[in-house]
Amino acid sequence: MKMITRYGLNSFRKLNFKASFHVTGAIILLAVTVVVFLIVYEINELKPRRKFVSKKHRSSEMDQVIIRANFVSSAERNTRCSYYSCFNPYKCGRRGISQIQVYVYPMKHFLSESKEPIVHSLTREFNTILETVKRSKFYTPSPDEACIFIPPFDTLSQTNILTKEVSQALNMLPYWNNGENHLIFNLFPPKNAAVIDLAAGNAMIAGAGFNSWTYRPSFDISLPPYSPLKNIAVQERRPWLILSSQINVHSSFMEKLRHLSRINSELIMLHRCSDSDLSYRCHQNGTRYKYPEVLGKSKFCLILRGSRLSQPVLLEAMAYGCIPIVFSDTLVMPFQEVIDWNRAAFMILENDLNSVIQLAKFVSDSRRIEISQQCSWLYSKYFSSMEAITNTTLLILNQRVFPENALFYENWNVRPNFIGARSPIFLRTKSFSTSFTAVVLTYDRVESLFTLIQKLAVVPSLSMILVVWNNPRKSPPDSSKWPQINKTLKVVRSKENKLSNRFFPYQEIETEAVLSIDDDISMLTEDELDFGFEVWREFPDRIIGFPSRTHIWDNISLSWKYESEWTNEISMVLTGAAFYHKYWNYLYTTSVPEEIHQFVDSHMNCEDIAMNFLVSNITNKAPIKVTPRKKFKCPECTATEMLSTDFNHMLVRSKCINKFMEIYGRLPLRKVEFRADPVLFKDSFPAKLKRFKNIGSL
Amino acid sequence: MQAKKRFSLIFACLILAIYFYLFFAIRKRDVRPGKLLVVNDELPSYFHSWEEEILDEPEIGPAAGLNQEKSSFFNKKCRMETCFDFARCRNSFKVYVYPEMDVEENEALSSKSVLYQKILDVISESRYYTSDPTEACLYIIAIDTLDRDTLSPDYVRNVPLKLQSLKYWNGGRNHLIFNLYSGSWPNYEEEDLGFDYGEAMLAKASISVSALRPNFDISIPLFPRSHPEKGGEPGYVKVNNFPATKKFLLAFKGKRYVHGIGSETRNSLYHLHNEKDIIMVTTCKHGKSWKHWKDERCDEDNVLYEKYDYSLLLQNSSFCLVPRGRRLGSFRFLEALQAGCIPVILSNGWSLPFNEVIDWNKAAIWADERLLLQVTEMVRSIPESKVFLLRQQTQILWEQYFSSIEKIVFTTFEIIRQRLPNKYFRDGLLWNSSPGALFAQINSSDALNSYPFNYDIFGITPESNFTAIIYSQMSSSLTVNSPIYRLLRSISRSQYVSEVIVVWCNDKVIPSQIRWPSFSRIPFTVVHSSGPLQRFRLYREIKTEAILSLDEDVVLTTDEIDFAFQVWLAFPQRIVGYPARSHYWDESKNSWGYTSKWTNDYSIVLTGAAFYHKYYDYLYTEWLSPLMLKTVEQTNNCEDILINFLVSHITKQSPIKVTQRKHYKEPSSSGVFSRSPWNDPDHFIQRQTCLNTFVALFGYMPLVRSSLRLDPMLFKDSVSNLRKKYRQIEVVNS
């Protein structure tokens, strides 16, 4: 089947060996070498030049394959393929790795019968695709392990290949099997077509310019028509509303646009300059603009269908933050499977071209800025280089094969610096929990601990008390000495005396709600605790508690200061007595930055501030203080700081706020001016009819 | 010999040198694809193809387009661009339902199933409905097409003939056809509906990715006959525990067909069963002839099957297997979703319901029928935190889009509406988070702050100013002592008010400018409104997001106004107000009761004095069912109950009561008080009736109770008043 001719360096080596023995032989060898070389050189030189062949392939080290006219071609592209009907999953996930393995065929030199290369040249972009695959974690050099195969033909541009011969060559690939699990890249389909013209059998096509008839959902991948742009600088000021700078637009579109721009000065039209220099665009009045930089001058850019559905100006506009308005009926947008284009562009019917001005004017400033930022971000993340495009393609393939690891919508579409609330506790209904678990962190204050346990045990909504014995050197008292209560009491011993032990998601906690309480906070009444739990049920993703603090800007030190005075606003609720969802314990343990953990451990302080930062950073919400209670240490003390009167302690806490802010890159704490009281609090109403009557003061 | 050796050595070196020279000479000129030595920049760019192309004008004009393919594929290839008349939807999105067909004598009256009648009822009662076929965007036929299984008793005959008689059929253009079952035994051809639906869109259950016409057909869930028309049951997840692990990891209990299409998957499920945390029980019993087909496992399976209870399995399992039946979808999918049992889809090629807008990765797991034995391992590999998230999302999706027929139908409409070339978009974040996209109606503006739910989603904060709107029906003349005059003075001192509007619902002439208190820095408008008082109307004058709605005789201090506004800023999606009311279930009357007594909780905040987001005005007037508005109109009452229903229906949260104030009306000696509707016993009974009417129309009781109110931080604390920001509130007595 295969006709492989070898010549070149291998034959030199053999002859060279002999040369060291015979001088004459050596001379002959030399002559032969030169002659052979010259012949090869001449042959190559004489070949007809193709359109954009700038460099010649040489057959020096690469295998050469001649495609004979009678070779069997691969089957036609199977238009009915879907992931389930054409993709073979058995090839994936071997050796227990939940990840695709991609094999790249070695390059060979394929020639048609007339000795013409079937792929005219290797393009920079295809070479990047292959290099990126090889560098990625999905690459495998072994075809036996591979799940996805990339054929060695540069099919990016239809004009770069001999269609018939490449179709035949595909069939010669050793693992082709009618294209099963093969991936063919294409960015430039033939004129007036929506997919590469190639007999690709059951192979997947990663192509640009699909329409919704040729695109096989769950199987093909829609790529952008990549544009090799450089030097992007997004402009803030955009004097123009809509820009049409595309050149290859059909004349009937053009007429409509010209008409529109005549009656609306907001639509700027730029054309090809008379010298056909593509790095410039010209206005009718003769002004010359540098392209693509001129795209940065406009708020919206028109993208129209040409001979192909998808146009490179799409990416150029996005790179300059110019919002694309796409007129291309039935076009499948790039990576449409994962990218929500509604967030970044407007897709308008071709028939509605006339409505474009009205549309652009309608978009509010806040929305426009949001979309423009989304464009720039999408561009930089998925489209800015062939490397990015290749990696995205691989990720999409990977999540098709291993959908259990698929990224969510927001992972694909939401900018990381976009501070929307993504609370992990997002059920909207009030929590239906009926009870909570009290977690008491204690070191050795056994007496006050026991008092607290007894007080807690009578709270109706408490179901269990979990004591975290944080003293590794001393054992907790014998079980007989503990107070007898009618609620479950469990003790866990920690290995180290760490404040973060208070926030560990202990298996023993079986309720949603956790009451974190210090071992010396025994003044809270049953009603106060019951009410606190009730408030938590209404705000299950917040920290709900009694001791509150705030942060204020200190004009002297020019930094944030921790404030424990009784103020009109608060931004933190201390976990010395606070309700919160157990999931925060999990997040505190697993996702708080390591730097913060280290700081908390080394200073033995600020774990509560860290918890407030964590919750507010994720939810964008403030904690809620319940009831007037403000004094905690002992009712008769007048000191305002209950945990420590130590001035130094306060300094450290101020430092924590500034340090954590630095680590999070923002100050997530939010201030509020309200606290929660029972509905009938302080009302002159019979006490026995009040559900929470014993609400203490201060 | 020595010389010869040396000579040959030199020669060898020479040859080597030449060899190397040639080697490098070639290498320099030559570029070897696939070798690391390739310098990328030296390669040509594929982009030259574009650049050459760019200079040619395309041959195909807009009219023909690349969609010439259309003609050759007929309706199987319909797309919005080719088979839908957008012009019909340019002005509004209205749905026309064909009237009942003339029933032929030989046909039973009940040619329409209960389910389809419910669908039609839901549409007819909604705001989408129009009785005028000429202004409709979408047409719904009165022929029941839900069950197209020829063996089913609900199968309607002669559909093609009936279609012909439809006046606006036009090849099916702009028609939407609902279907739950297609094809029949033994092949269950999913595209076989028994009639040619032409260019009509399908809203179809169990549709496969390859049969679904992208962005044209809509996959809907399979729902049972008993599915509620409106309201719908909430999800079963009441306690949102972490870790979310349950007794069983993965469960399935169901029939298996033993033979025929789709039976292999269920037949091999027993391989996964381990009696411990994976429960896979099947029965062969179904239909009359099951014994005829039974295999050697049937008896054993049937015994095991009886050991487990279906609903207990749903609730005690973290994951529920949803394998294909004869068709791709099954009732099981919605059942698992409601139970918060994360569906593991084992139905290759099924296009999940509404997947055009719903990100199912966040609420379900895909398995591959071809890799059945790997399911266990895959499910085990899912981390606890993800299970926690998935489970919550099942509830969100269930309650937003699936729990009633109304929701399923509305979601279908909203998906179609989103495809229309309008300037408004609802992105995936809105669809996939609460309260969902059904409430995000097209408004007059697309600014980020136009929906109260967007603040969370986009991480933006509401602007800190509000518009006060006072409804005045004053019969006495305006003096400095009039309650409205004092109220205006309080408002004018607020630091956040940016605009004041008085709606003058009175036959009297609007008092001249000088008789009103002076507003130096804020615009003050009096709008004359004839006819009965209409609250929550969209006043063009309102520019702010926040509205403070007030009755003219309300007594409020500036501090109370400012404090409530601060609270509203933290809860912009809720109603924030002063006096509150409560609802309760009256056992004796077997109906809902309404009370204004002082209670330990509340569920309604009166809008005679309350802050709320402007957008609710829009939903109130443009989105609520006309039947509800009619109730308000007829009674000239209850509008505040209705808006509380609306907001709680959307947010699933209670309104918020601030401060101690319980009465806000000025007790007047001039006799105004006695004429006030608040004093009228009929008024109270009317409100009770309203409450029950609204419950019926919503299909459930949306109000949510709260047992807390929000007070200023230092409220009534024994500290110096000078330290307090809102001092006036301290002296207000309830």
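This is a predicted model: local features need pLDDT of at least 70, side-chain atom pairs count only at pLDDT 80 or more; totals for chains, interfaces and linings use all residues.
Select Cys81(A) and Cys86(A): a disulfide joins them, with 2.0 Å from S to S. The torsion about this S-S bond is about -85°, so the link is left-handed. Both Cys81(A) and Cys86(A) are buried.

Next, select Cys301(A) and Cys322(A), whose sulfur atoms are 2.1 Å apart in a disulfide. Here the torsion about the S-S bond is about 105°, so the disulfide is right-handed. Cys301(A) sits in strand β12 and Cys322(A) in the loop between α7 and β13, so the pair ties together parts of chain A that are 21 residues apart in sequence. Both cysteines, Cys301(A) and Cys322(A), are buried.

Cys375(A) is buried, at a relative accessible area of 0%.

Move to chain B and select Cys78(B) and Cys83(B), joined by a disulfide with 1.9 Å from S to S. The link of Cys78(B) and Cys83(B) is left-handed, with -85° about the S-S bond. Cys78(B) is buried at 1% relative accessibility, and Cys83(B) is buried at 2%.

Then pick Cys505(B). Its sulfur lies 17 Å from the closest cysteine sulfur, in Cys638(B), too far for a bond.

Finish on helix α18 of chain B, residues 558–570, which reaches 19 Å from its first C-alpha to its last, close to the 18 Å expected. Twelve of the 13 residues of α18(B) are buried, including Phe563(B), Phe565(B) and Trp568(B).

Conventions:
Residues are numbered from 1 along each chain as its sequence is written. Chains are lettered from A and ligands numbered from 1 in the order in which they are written. Side-chain values use heavy atoms; hydrogens and water are left out. Helices (H or I, at least four residues) and strands (E, at least two) are DSSP runs, numbered from the N terminus. The expected span of a helix is 1.5 Å times one less than its number of residues. Buried means under 20% relative accessible area, exposed over 50%, partly exposed in between (1.4 Å probe, protein chains only). A disulfide is a pair of cysteine sulfur atoms within 2.5 Å.
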